[in-house]
Amino acid sequence: MTYHFRTCPDCDDRAYDVAAKLASEAHRGEHRAIRAREIERDLDFGGGDGRRAREIVEHLRAVHRAPICSTATNGAPGFFWPTSREDTEHTSAAFRSRLGKMQATLRGFEAGRDELWPAQDDLFGRGVSRG
Ligand SMILES: [Zn+2]
């Protein structure tokens with residue numbers, strides 16, 4: 001499998017470095033997970049808060065189909081390269097859980113929005129004074 005980082009218009013050398021680091025032997029398996037801010041520190045980039053590394057990981061997963069896993073433990077998540085299909089199951093489950101919560105949030109938000117217009121005047125069971 002080839003990930004084609006070099007020809008991606010949205011990838012820079014940092015994305016390639018992050019991919020190479022995570023796919024290396026040093027980060028294979030959950031016990032070798034590394035936090036986003038540690039990736040930035042090791043590769044000497046980003047603001048040190050891990051945000052840029054997390055954005056790159058998201059891009060690598062979404063666009064380049066890199067199966068980068070997140071650790072199952074609570075707290076700041078670490079990233080690692082899976083050594084088996086079982087390694088990937090927690091990450092898949094976490095994505096599905098977040099997706100389900102976001103779907104419920106979106107449904108509630110849009111239902112509320114749709115009730116707000118055109119009936120905003122009845123928001124509190126009575127007409128809203130427009131002074
Ligand atoms: Zn890319």
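The following legends describe close-up views of a predicted model.

**View 1. The crossing of helices H1 and H3.** Helix H1, formed by residues 13-23, and helix H3, formed by residues 51-62, have axes that come within 10 Å and cross at roughly 80 degrees. H1 is therefore roughly perpendicular to H3, since angles of 65 to 115 degrees fall in that class. On the H1 side, the contact is made by Arg14, Ala15, Val18 and Ala19. On the H3 side, Ala53, Ile56, Val57, His59 and Leu60 take part. Sorted by class, the residues of this contact are seven nonpolar, one polar and one charged.

**View 2. Helix H3 and its covering elements.** H3 contains 12 residues and reaches 16 Å from its first C-alpha to its last. This span is close to the 16 Å expected at 1.5 Å a residue. The buried residues in H3 are Arg52, Ala53, Arg54, Ile56, Val57 and Leu60. Among the elements that cover these buried residues are H1, helix H2 (36-43) and strand S3 (78-80). Ala53, Ile56, Val57 and Leu60, listed here as buried, also belong to the contact with H1.

**View 3. Aspartate 44 in the loop between H2 and H3.** Aspartate 44 is found in the loop that lies between H2 and H3. The phi angle of aspartate 44 is near 60 degrees, a positive value in a residue other than glycine. Most residues other than glycine have a negative phi. Aspartate 44 counts as exposed because it has 8 C-beta neighbours inside 10 Å, and the class extends to residues with 12 or fewer.

**View 4. Arginine 65 in the loop between H3 and S2.** Arginine 65 is located in the loop between H3 and strand S2 (69-70). Its phi is near 60 degrees, which is a positive value in a residue other than glycine. Arginine 65 has 9 C-beta neighbours inside 10 Å and therefore counts as exposed.

View 5. Aspartate 87 is found in helix H4, which comprises residues 85-116. With 17 other C-beta atoms within 10 Å, aspartate 87 is partly exposed, because a residue counts as buried at 20 or more and as exposed at 12 or fewer. When its neighbours within four places in sequence are left aside, aspartate 87 is in contact with Gly29, Glu30, Cys69 and Pro82. Aspartate 87 and threonine 71 are 16 residues apart in sequence, and their C-alpha atoms are 9.2 Å apart in space.

Conventions:
Residues are numbered from 1 along each chain as its sequence is written. This is a predicted model: local features need pLDDT of at least 70, side-chain atom pairs count only at pLDDT 80 or more; totals for chains, interfaces and linings use all residues. Axes are lines fitted to C-alpha atoms, for helices over the stretch in contact, and angles run from 0 to 180 degrees between N-to-C directions. Helices (H or I, at least four residues) and strands (E, at least two) are DSSP runs, numbered from the N terminus. Angles under 35 degrees count as roughly parallel, over 145 as roughly antiparallel, 65 to 115 as roughly perpendicular and the rest as oblique. Two residues are in contact if their C-beta atoms, placed from the backbone, lie within 7 Å. Ala, Val, Leu, Ile, Met, Phe, Trp, Tyr, Cys and Pro count as nonpolar, Asp, Glu, Lys and Arg as charged, and the others, Gly among them, as polar. The expected span of a helix is 1.5 Å times one less than its number of residues.
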